[in-house]
Amino acid sequence: MRNFKLWTVLLLSAILAGCGKTATTIVSDKEITGKWELESVVQKRDTIHRPAKKNGMYDVSLTFKEKGDLEATSSTNYLTGFYETAQLNAIHLGGDGTERKETSWGNLFVNALPQVNLYDLKSNNRLILFYNNDSQLIFSRAR
């Protein structure tokens with residue numbers, strides 16, 4: 001719960017920082033629209049693969065909608081927000097969600113989201129979100 005509150009504070013800070021701007025245009029990449037499920041997390045040289053889903057838990061996923069809307073599920077929480085893409089595969093995510101006790105797999109996801117700054121869409125239906133210089137969230141397109 002503490003990590004989730006940190007995520008919320010970081011997102012609210014980012015949203016409030018943009019309040020002084022005029023006419024923000026949301027840009028979205030149509031190729032990433034749709035639902036993506038988290039397969040693995042790469043941190044430095046360690047790869048952590050998706051654990052088996054337990055009863056009562058959600059699949060950790062992101063759903064990129066048109067016009068910049070974003071929906072996500074961590075292992076126990078539901079998140080909504082926005083995303084913006086820019087040149088050179090830059091991406092910015094923001095939002096808020098519920099606050100139920102998170103699993104370690106869900107914490108990896110929730111803690112990484114506010115730090116995501118780049119994405120890459122691979123030809124094998126993999127979406128990679130980059131954060132903290134060399135860390136990655138690797139997703140596959142949901143069926």
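**View 1. What lines the second largest pocket of this predicted model.** The lining of the second largest pocket splits into 6 nonpolar, 3 polar and 4 charged residues. That makes 13 lining residues, and the ones nearest the centre are Pro51, Ala52, Lys53, Thr103 and Trp105. As for the space itself, the pocket's volume comes out at about 200 Å³.

**View 2. Strand 7 meets strand 8.** Residues 118-122 (strand 7) run antiparallel to residues 126-131 (strand 8), with 5 bridges between the two. Look for Leu121, which sits opposite Leu127 of strand 8. The hairpin has 3 residues between its strands, and Asn125 there takes a positive phi near 60 degrees.

**View 3. Strand 8 carries on to strand 9.** Here strand 8 pairs with strand 9 (residues 135-141), again in the antiparallel sense, over 6 bridges. Tyr131 faces Ser135 of strand 9. This hairpin also has 3 residues between its strands, and Asn132 in the turn shows a positive phi of about 45 degrees.

**View 4. Aromatic pairs, of which the structure holds 2.** Phe64 and Tyr83 have ring centres 4.8 Å apart and planes at 80 degrees, so they count as edge-to-face. Phe64 belongs to strand 3 (residues 61-64) and Tyr83 to strand 5 (residues 78-86), so this pair ties together parts 19 residues apart in sequence. Both Phe64 and Tyr83 are buried.

**View 5. Phe109 and Phe139.** The ring centres of Phe109 and Phe139 lie 6.4 Å apart with planes at 70 degrees, so this pair is edge-to-face too. The pair links distant parts of the chain, with Phe109 in helix 2 (residues 104-112) and Phe139 in strand 9, 30 residues apart. Phe109 and Phe139 are both buried.

Key. Residues numbered from 1 in each chain as written. Predicted model: local features only at pLDDT ≥ 70, side-chain atom pairs only at ≥ 80, totals over all residues. Heavy atoms only, no water. 1 Å grid on protein atoms, 1.4 Å probe; cavity = no way out; pocket = protein on both sides within 12 Å on 5 of 7 lines; lining within 4 Å. Points joined across faces, edges and corners; volume = space filled by probe spheres on them. Nonpolar A, V, L, I, M, F, W, Y, C, P; charged D, E, K, R; others polar. Pairing = 2+ DSSP bridges. Helix = DSSP H or I, 4+ residues; strand = E, 2+ residues; numbered from the N terminus. Phe/Tyr/Trp six-rings, centres within 6.5 Å; stacked < 30°, edge-to-face > 60°. Buried < 20%, exposed > 50% of the residue type's maximum accessible area, 1.4 Å probe, protein only.
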